[in-house]
Each structure stands twice: as structure tokens, then as C-alpha cells.
Amino acid sequence: MVGSVAVGGDAPVTVQSMTTTKTADVDATLAQIYALAGAGADIVRITCNDVAAAQGIAEMVPRSPVPLIADIHFQYKLALGAIEAGVAGLRLNPGNIRKEDHIKQVARAARDAGIPIRIGVNAGSLDKDLLEKHGSATPEALVESAMLEARYLEEVDFYDIKISVKHSNVPRMIDSYRLLSRTSDYPLHLGVTEAGPPPGGLIKSVAGIATLLSEGIGNTIRFSLTADPVEEAKAGRQLLEYLGLRERSDLDLVACPSCGRAEVDVIDVANRVNAALEGSGLPIQVAVMGCVVNGPGEAREADIGIAAGRGRGHLFIKGQVVRVVPEGAMVEALIDEAIALHEEGAEARLAKADVTAADLAEETRIELLGIQGDVNDTVIRRATVADVATKDT
Ligand code: SF4
């Protein structure tokens, strides 16, 4: 347990993020912790780099909405201070606290306080001896560093351990965790370290973390982005929801990529819908489709959607057109319907559908097909296939 959050075993994969404020600035840090929790972080890590930071943590612990983990580098006494301040967990970097006696002192104090320790190995700050032995920060070097640290902890009867072996190189990060998962049964915290700003940082993080999660490896995750940490908390949460590892907690917007058939500026409509509904806490899938020719059918899995055509917006629920509105009012209509759908449920909203809407949508669809042509030439293609399939040779 990290505070109230279960980690490992059958517990859901959880999202971590880290504050960027000075920890000693209690108000600013607490405000960021609340923002991170609101964006989907289950656990927040804060740096504990001086005595003022440890004192700040003591003030924040009772006021934080999520468990706090103190990040410790170099000074083991600050770990003792953070434990005294009431943190829910520690992260120790084996490359930066190297004296066995210091590590064991911290482990005894954590054991007595009943809090876990994450052994956070980082390729960029690997123990110099291991770096020399392995030549570079190889998966073997990272795992050896982690297991050496774990042994120190185990020697003082401390087993409440989680491990990470982060690397900024995605294939090496993946290989390191694969090796670690074969070597140890402790829960693992996943991350691509120093991933950089979005979109590259997001892509690297997803590539590494999702690959491992799909193999059943990993218990907590963090996107280490060079961006507002709210972005990394949000991305972490979204990744878990998109992978089906956590229940949907907010909007899932699906939108067509647009094409020559589009009857509306799909990018603009999608952005407006996203701005209006993201963060609303409505756990629904909303589709924005550029044309009524293909839109409602292709997005029939979505809870609700809108498809444009001939100056109108066609509002659909589970693929069934329920209302037709002027194009200028389609975004507002979609938002209103999304809220109503969440409150009343799909059946109730379908029962209130405008009975003429589906016919009107079909008329528009046929009209557009007449103007734009059926790109698949379905009727002609079917006839040709039947012809070939039945012809005597
Ligand atoms: S829904 Fe219509 S506009 Fe969007 S990609 Fe498909 S055919 Fe093109």
C-alpha cells in the first residue's frame, strides 16, 4: 500500500506524477498536487531536497488528496526527515545514496513507519562501479543495481519494495523491465526517463509503457514529460483507460481524420467538443464525424456522436440518428445531448428521438452519395463480383 492506494498483485495499475514547484513552498506545491490529482494522478511524488522541503511535506501530508512519496537523492537523513513528516512512501536512487549503512538506516525507519520504498534506478545516474563493470547503462547493469539495493533492504527485514529501472532509450527501457520482471517478484514502476516535451515525449512514454503493460509487466506508471505535470498525469490516466486497464473517468473523444467527403471542418468541431467536455467527468465516448455518409455507421460503437451534411448536424446515439440541427448549432446540441445522455441513459434518450431525424439523415446521405459518388461503387462492384463468380469458363 502507498497510503490508501494498493500497488501490485491484482490491484489496478495506478498513475503517478511529480510536482515541479519548490517543495518548501507549501501553498504552490499543494495547489499542484490538487491539480495532478484532478487530472488523474493516484499518487504524487515530491522532491525532498532540503530540510525546508521535509518541513513543507509535514504540512502537506494531512492536506493532500492523494498519497505523497518523497523523492530522495544523496542525503539519507532527508529520507528520515520525510518519514518523520508522514510521507506514504520513499523513492531512493541507488546511484546517489551508496553507503550500505545509510540505506539500512532508512529501511529500518521505513519498516517501523510501515511505508514502502521504491528503488528508483535511473540510467543517467547509475552507480559508477556498475557503469564501469557493464560498460554502459545496459539492462543487466540497471537490474543489478536494483537487486543489490533490494538485498540491502531485505537484510534488515524490509520487503515493502517497488522497483523501477528507467532509461531514456525506449528499447533499452523495455529490455530492462523485461529482465527485471524475470528476476524479481516485486511490483514495478514503469517510465521512460527524460522523455522530453510532447509530442515526442508522449510517444516515447506510450511506446515503452504500453508495450510492457500489454505483456502484463508494471504496476504503477509515470510519463516523465518536459511539460506541465498536469499533462503527464492526464496522459498516464488516458493510457490506462485506452488500454482498458482502468474504467473510463472522463470524455473519450473519437473523431474521423476527415477526408474529401467532409462536410464540415472536423478539426475545429473536434477541438470545440473536446474543450467543452474534457474534464467534465462525463465518462462517455463522443464521436465527431465529418459526413453523414459514413459517420453514424462507422461510429456506431460511440455513445453519442455528430455527423455533418448539407449544412446540418446529425446527432446520433449508438449509431441511430435522433436529431437533426443546423450546422451552426451542432456543437452545442452535441454537448447538451451528452449531458442528457449521461443523466438519463441511452434508452431514455433514444425513446425521445425525433422520429423524422433518421429519414432526413438517410435522404441527406443518398443526396450526398449522388453528388460525391459512392467511393466504393458498391452496387456496380457487387454485380461484377456476382458476374465473375457465376460465369461459365
Ligand atoms: S466520416 Fe466521412 S468525412 Fe470523415 S473520414 Fe469518413 S468518409 Fe471522410
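Modeller: In this predicted model, strand 4 (residues 89-92) and strand 5 (residues 117-122) pair in the parallel sense, over 3 bridges. Within this pair, leucine 90 stands opposite isoleucine 117 of strand 5. The two strands belong to an open sheet of 8 strands with parallel pairing, and the order across the sheet is 6-5-4-3-2-1-8-7. Strand 6 (161-166) and strand 7 (189-190) stand at its edges; each has a single partner strand, so one side of each is left without a neighbour in the sheet.

Helix 9 is mostly covered, with 10 of its 14 residues buried. Among the buried ones are Pro229, Glu232, Lys234, Arg237 and Leu240. The length of helix 9 can also be checked. At 1.5 Å a residue, its 14 residues (229-242) should span 20 Å, and the end C-alpha atoms are 20 Å apart, which agrees. Just after helix 9, glycine 244 takes a positive phi of about 75°.

Another set of strands pairs in the other sense. Strand 11 (residues 304-309) and strand 12 pair antiparallel over 6 bridges, and alanine 308 stands opposite glycine 313 in strand 12. These two strands form a hairpin with 2 residues between them, and arginine 310 in the turn has a positive phi of about 55°. On to the next strand: strand 12 and strand 13 (residues 320-326) also run antiparallel, joined by 6 bridges. Here leucine 315 has arginine 323 of strand 13 as its bridge partner. This pair too forms a hairpin with 2 residues between the strands, and lysine 318 in the turn has a positive phi of about 50°.

How many residues of strand 12 (residues 312-317) are buried? The count is 6 of 6, so strand 12 is largely enclosed by the rest of the structure.

Last, the ligand. It has 13 residues around it, of which Cys256, Cys259, Ala262, Gly290 and Cys291 come nearest. The shell divides into 7 nonpolar, 4 polar and 2 charged residues.

Technical notes
Residues are numbered from 1 along each chain as its sequence is written. This is a predicted model: local features need pLDDT of at least 70, side-chain atom pairs count only at pLDDT 80 or more; totals for chains, interfaces and linings use all residues. Two strands pair if DSSP finds at least two bridges between them. Helices (H or I, at least four residues) and strands (E, at least two) are DSSP runs, numbered from the N terminus. The expected span of a helix is 1.5 Å times one less than its number of residues. A residue is buried if 20 or more other C-beta atoms lie within 10 Å of its own, exposed if 12 or fewer, and partly exposed in between; C-beta atoms are placed from the backbone. A residue is near a molecule or strand if its C-beta atom, placed from the backbone, lies within 6 Å of it. Ala, Val, Leu, Ile, Met, Phe, Trp, Tyr, Cys and Pro count as nonpolar, Asp, Glu, Lys and Arg as charged, and the others, Gly among them, as polar.
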